[in-house]
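Keep the picture open and find each residue as it comes up.

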Amino acid sequence: MKNILLIACALALSVLPARAQKLIDEIVAVVGDEIVLYSDVQIQINQLKAQGYTGAIEECRVLEDILFEKIMLNQAKVDSIEVTDDMVQGELNKRLAVFVRQIGSEEELEKYYGKSMNEIRDEFAEVLKDQILVQRMESEITAAANVTPGDVENFYKSIPVDSLPFINASVELGQIAIYPLPSVTEVERVRTKLREFKTSCESGKEDFETLAALYSEDPGSSSKGGALGLKPRGTWVPEFDAVAFNLKEGQISSPFKTDYGFHIMQMVERRGELYNANHILLIPKVTSTELNGAKAELDSVRTLLLRDSLSFAFAAVKFSSDERSKNQNGAMVNPANGSTIFEMDELDPTVFLAIDTLEVGEVTQSFYFQGQGRERGYRIVKLKTRTAPHRANLVDDYQNLQNMASQKLSSEVLDKWMRRRVGETYVKINKRFADCAFTYEWIKEKEQAKN
């Protein structure tokens, strides 16, 4: 059973939610040790509307979706399923980052909610912890729901031909990417500059925030004088935490390296596992000569591939600088779903243009690109498979059909567990919802609703 609320819960901290309205409240249900308020129902309805849900939203259905969640939450606590603070904070950091990107800045987010970022974090952390508990409980319930090849085939045959899903055009790709390293001289220039900043600040000649505003190459913090804000351990890259928890308040670190470049950090304050720091980022520059060298190396690799002197997988492992695809023999992974299949509209425009006229098995010319970590380099891409828009079939779409069959089996296992658990768990429903046509027997006796 996949309910609209569970979908909303999965999205609730990844899109900007509607603010809760003030409501006259009452308890409308009790599930084990969990209570449901009438405001919970109304907030979820408002949430669905804010997310653009256009279908009819019935209070009865929303309540049942909440009951569905509460019974799993209650069971998760009974089974002592553990969710650590680190797990919650890590996920919260990711989702708040989405919030901030959607609304523009932390200041705008604070203005929207009328609360400080710390207050927003505290409010969302409790909600998110319950969501993670529910997700882990559902994973426990469906853990054994594994499909065999026979299950996939039977699932496929059970779908009427005219009801088979329509699959968009898609491709599978391999890549070899080379990011040239900056010269030793350039790296030392950056480190020396940061050491000079540190000395100037410590002697009182310069102000750290001013230097950050003038010179830092971190677009997210330079305009704020390098301020990172008060954040928990795990918010930033591990190198930041390692440096931060070895600094005293006011102290400035020596230059240190991350995947983004070289930094110095000034500790502003620490509160337990939270810290507030300023930093300056300088990125060693890669010259056109070094970029041309990377292109020449990649062109040589491509020549060997075209001569069949080595395999693409071997070349990716040996020459590629991109760790994720390198560790999968060059296979590019779709960040949207973790699979190796890309629908055409999911491709980076430069990749789309590069492969548009290729035949399966062919390799592109080398072309320039900039990675997500702002690394610059060249890459070649191999078109491994291409499928035209079509109705799903077992040959071309086995992975998709396997996922669909697995989802169906998981839903059946979850439904069976829910019917049994509802019968074993204390549930009381307010008379306001006595006439609801629920899927499950939440109201075990009609008289209960009159109490």
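Let's begin with a helix lying over some strands. H3 lies across E1, E2 and E13, and runs at about 160 degrees to E2. Keep in mind that what you're looking at is a predicted model.

**The helix itself**

H3 covers residues 59–78, which is 20 residues. From the first C-alpha to the last, H3 reaches 28 Å, close to the 28 Å expected at 1.5 Å a residue. Is H3 enclosed by the rest of the structure, or left open? Since 15 of its 20 residues are buried, H3 is largely enclosed by the rest of the structure.

Arg 421 has its place in helix H15. Leaving aside residues up to four places away in sequence, Arg 421 touches Ile 71 and Gln 75. And Arg 421 is buried, because its relative accessible area is 16%, under the 20% cut-off for that label.

**The sheet under it**

Now for the strands. They belong to an open sheet of three strands in the order E2-E1-E13, with antiparallel pairing. Strand E2 (34–37) and E13 stand at the edges with a single partner strand each, so one side of each has no neighbour in the sheet. On average, neighbouring strands of this sheet are turned by 15 degrees against each other, if you ignore direction.

Zoom in on E1 and E2 and you'll find four bridges pairing them in the antiparallel sense.

Leu 48 is buried, with a relative accessible area of 4%. The C-alpha atoms of Leu 48 and Tyr 38 are separated by 16 Å, and the two residues are 10 residues apart along the chain.

Which residues touch the most other members of the largest nonpolar core? Of its 48 residues, they are Leu 63, Met 72, Met 418 and Trp 442. Several elements each supply at least two residues of this core, including strand E1 (27–31), helix H2 (38–50), H3, helix H15 (398–424) and strand E13 (427–429). H6 gives the most, with 10 residues. Another core lies apart from this one; it has 15 residues, among them Leu 305, Ala 315, Ala 316 and Ile 380.

**Rings that meet**

How many aromatic pairs does the structure hold? There are nine. In one of them, the rings of Phe 99 and Phe 124 have planes at 85 degrees, so this pair is edge-to-face. Phe 99 sits in helix H4 and Phe 124 in helix H6, 25 residues apart, and the pair links distant parts of the chain. Phe 99 counts as buried at 1% relative accessibility, and so does Phe 124 at 8%.

Another pair, Tyr 179 with Phe 369, is tilted. It links distant parts of the chain too: Tyr 179 is in the loop between strand E4 (170–178) and helix H8 (184–202), while Phe 369 is in strand E10 (residues 367–370), 190 residues away. Both Tyr 179 and Phe 369 are buried.

Here are the two pairs with their values.

| Pair | Centre to centre | Angle of planes | Kind |
|---|---|---|---|
| Phe 99 and Phe 124 | 5.4 Å | 85 degrees | edge-to-face |
| Tyr 179 and Phe 369 | 5.7 Å | 50 degrees | tilted |

Ring pairs also link Phe 99, Tyr 112, Tyr 113 and Phe 124 into a cluster.

Most residues other than glycine have a negative phi. Ser 80 has a positive phi of about 55 degrees although it is not a glycine. Look for Ser 80 in the loop between H3 and H4. Is Ser 80 buried or exposed? Ser 80 counts as exposed, because its relative accessibility is 58%, over the 50% cut-off.

Asn 329, not a glycine either, has a positive phi of about 55 degrees. Its spot is the loop between helix H13 (323–326) and strand E9 (341–343). At 47% relative accessibility, Asn 329 counts as partly exposed.

Note on methods
Residues numbered from 1 in each chain as written. Predicted model: local features only at pLDDT ≥ 70, side-chain atom pairs only at ≥ 80, totals over all residues. Heavy atoms only, no water. Expected span 1.5 Å × (residues − 1). Buried < 20%, exposed > 50% of the residue type's maximum accessible area, 1.4 Å probe, protein only. Core = buried A, V, L, I, M, F, W, Y, C linked by side-chain atoms within 4.5 Å. Contact = heavy atoms within 4.5 Å. Pairing = 2+ DSSP bridges. Axes fitted to C-alpha atoms, helices over the stretch in contact; angles between N-to-C directions. Phe/Tyr/Trp six-rings, centres within 6.5 Å; stacked < 30°, edge-to-face > 60°.
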